[in-house]
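Here is a friendly walk through one protein model, with the geometry and the cut-offs kept side by side. Have the viewer open as you read.

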Amino acid sequence: MNETMVCAVGRVATQPVYREVASGPSARFRLAVTARYWDREKNTWTDGHTNFFTVWANRQLATNTAASLTVGEPVIVQGRLKVRTDVREGQSWTSADIDAVAIGHDLAWGTSAFRRAGKTEAAPGPAQPEPNWETTPGDSGSPAEAQTQRHAEAAALT
């Protein structure tokens, strides 16, 4: 199927609106995407035109969006672009919507702490130990020591 997939980088312009509908959870918010360019005459960065998109999220993405995003936060949205034209009260209107596949904070502007959403449909399985990705062959540190070190480093950054 031919669809127009886009990746938009911008800021949350409106607080996400969450709804429980018959097909499952749904959330929407407005995304502001402003072009910036270097103005040689003024020797400074200047804001260009701002495009606004209505971002739609469904199911678990909707739940996580409503719980995670607030106005002004920098985000990256990937999804299907849908441009619609309509005539309302004699005037022609055009809107651009993004049916989101993925939404995340833009880490170029700050940090984010990921928390896995609880699963409601299945009982949790036995706990699996975290793999020790930081050890190299010949490294004598145990996985528990490496995990403790990672947590200490992360705490020092905040």
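How many residues lie between strand 5 and strand 6 in their hairpin? There are two residues between these strands, and Glu 89 in the turn has a positive phi of about 50°. Before going further, a word on the ground rules: this is a predicted model, where local features need pLDDT of at least 70, side-chain atom pairs count only at pLDDT 80 or more, and totals for chains, interfaces and linings use all residues. Residues are numbered from 1 along each chain as its sequence is written, and side-chain values use heavy atoms, with hydrogens and water left out.

**Strand pairing**

Helices (H or I, at least four residues) and strands (E, at least two) are DSSP runs, numbered from the N terminus. Two strands pair if DSSP finds at least two bridges between them. Strand 5 and strand 6 (residues 91-105) are antiparallel, with 14 bridges, and Val 75 stands opposite His 105 of strand 6. Strand 1 (residues 5-12) also pairs with strand 5 (residues 74-88) in the antiparallel sense, over seven bridges. There, Met 5 has Arg 80 of strand 5 as its bridge partner.

**The nonpolar core**

A nonpolar core is a set of buried Ala, Val, Leu, Ile, Met, Phe, Trp, Tyr and Cys residues joined through side-chain atoms within 4.5 Å. Buried means under 20% relative accessible area, exposed over 50%, and partly exposed in between (1.4 Å probe, protein chains only). The largest such core has 17 residues, and those with the most contacts inside it are Phe 29, Leu 31, Val 55, Val 77 and Ile 103. Strand 1, strand 3, strand 4, strand 5 and strand 6 each supply at least two residues of this core. Contact means heavy atoms within 4.5 Å. Beyond four places in sequence, Leu 31 touches residues including Ala 8, Phe 53, Val 55, Val 75 and Val 77.

Ala 62 belongs to helix 1 (residues 59-68), and Ser 26 to strand 3 (residues 24-39). Ala 62 counts as buried because its relative accessible area is 0%; Ser 26 is buried too, at 11%. Outside four places in sequence, Ala 62 contacts Tyr 18, Pro 25, Ser 26, Ala 27 and Ala 57. With the same exclusion, the contacts of Ser 26 include Val 17, Tyr 18, Trp 56 and Ala 62. The C-alpha atoms of Ala 62 and Ala 27 are 4.8 Å apart, although 35 residues separate the two along the chain.

**Aromatic rings**

The structure holds one aromatic pair. Its rings, those of Trp 38 and Trp 45, have centres 5.6 Å apart and planes at 75°, so the pair is edge-to-face. Rings of Phe, Tyr and Trp (its six-membered ring) pair if their centres lie within 6.5 Å; planes under 30 degrees apart count as stacked, over 60 as edge-to-face and the rest as tilted. Arg 11 lies over the face of Trp 109, at 5.0 Å from the ring centre; the criterion is NZ of Lys or CZ of Arg within 6 Å of the ring centre and within 35 degrees of the ring normal.

**Accessibility at a glance**

| Residue | Relative accessible area | Class |
|---|---|---|
| Trp 38 | 41% | partly exposed |
| Trp 45 | 51% | exposed |
| Asn 43 | 55% | exposed |
| Glu 89 | 85% | exposed |

**Positive phi**

Most residues other than glycine have a negative phi. Asn 43, which is not a glycine, has a positive phi of about 55°, and lies in the loop between strand 3 and strand 4 (44-58).
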